[in-house]
Amino acid sequence: MRTIITRAGVAAMILSASVVFTCLAAEPRVQRPFETLLPWSLPRGEWEAGTGLVARHDASPPFHADQPSVRRDEWRLSVLDAAVGLGSGGEARIQFGLQQFSEDGGLEKTGIEDARLTFSWQVPLERWGAAAHLVVKLPTADNDERLGTDETDIFILGSAGRILARWGSAAQMGFGIL
C-alpha cells in the first residue's frame with residue numbers, strides 16, 4: 001500500500017507542476033509536459049487507475065509541423081489510464097482519452113486520442129528508483145481531422161528518481177521512432 005500512496009503523492013506533485021508551468025514547456029515535444037514515467041513499478045497483482053484533464057492555450061499542434069504558425073486552444077481528457085504490476089519489477093499501462101481543439105482560422109474538432117501502451121521494468125537499485133520503458137503509440141485518432149498521426153510510434157525511455165520522507169523527484173530521457 002505504501003507504494004501506491006507514494007506514487008499518488010508524486011503524481012499529485014507532477015500534476016500541480018503541470019498546471020502551473022504548462023506555459024513554460026519547450027517546443028517541439030513528443031509528449032505533453034510533465035508526464036514523466038515513474039521509475040517505481042507496482043508489485044505483482046496491484047493496480048492503479050486514474051484520470052486527468054490537460055488544457056493549453058495558444059499552443060502549437062504537436063504533430064503538424066508543416067504549419068508552424070498555426071496556434072490552438074486544446075483540452076485532453078484521460079478516459080483510461082490504468083496500470084497493473086506484473087511482478088519482478090514489471091508493469092503494464094494503457095492510456096486512452098478524448099481531445100478537443102480550436103485553431104486559428106476557425107477549425108474545431110473533437111475526437112479520440114491515439115492510445116498508448118507502456119511496458120516498464122524497474123531496475124533493482126537500493127537508494128534510487130530506475131526503470132526502462134517501452135511505449136507504443138497506436139494510431140487510433142484520425143490524421144485527416146488533425147487529431148492523430150495515423151502512424152504507430154515507438155518510444156524507448158529510461159527514468160530515474162528518488163523518494164524521500166515527504167516528497168520525491170523523477171526525470172526521464174529517451175528517444176522515439178516516429
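Thr-118 is buried, with a relative accessible area of 3% (buried means under 20%, exposed over 50%, and partly exposed in between, for a 1.4 Å probe and protein chains only). The model is predicted, so that local features need pLDDT of at least 70 and side-chain atom pairs count only at pLDDT 80 or more, whereas totals for chains, interfaces and linings use all residues. Residues are numbered from 1 along each chain as its sequence is written, and side-chain values use heavy atoms, with hydrogens and water left out.

Thr-118 lies in strand β5, residues 115–123 (strands are DSSP runs of E, at least two residues, and helices runs of H or I, at least four, numbered from the N terminus). Beyond residues up to four places away in sequence, Thr-118 touches Leu-37, Glu-91, Ala-92, Arg-93, Gln-95, His-133, Leu-134 and Val-135 (contact: heavy atoms within 4.5 Å).

The protein contains 1 helix and 8 strands, in the sequence order α-β-β-β-β-β-β-β-β. Of its 178 residues, 36% are buried. Among contacts with a separation of 6 or more, 52% join residues 24 or more positions apart.

The accessible surface of the protein is about 10,300 Å², 62% of which belongs to carbon and sulfur atoms (Shrake-Rupley method, 1.4 Å probe). Phe-119, Leu-134, Ile-154, Ile-156, Phe-175 and Ile-177 form a nonpolar surface patch of about 520 Å² (residues with over 30% relative accessible area and no salt bridge, nonpolar side chains being joined within 5 Å; a salt bridge places a side-chain nitrogen of Lys or Arg within 4 Å of a carboxyl oxygen of Asp or Glu). Strands β7 (153–163) and β8 (168–177) each supply at least two residues of this patch. Ile-154, located in β7, is partly exposed at 32% relative accessibility.

Notes: Patches are made of residues with over 30% relative accessible area and no salt bridge: like charges are joined within 9 Å, nonpolar side chains (Val, Leu, Ile, Met, Phe, Trp, Tyr) within 5 Å.
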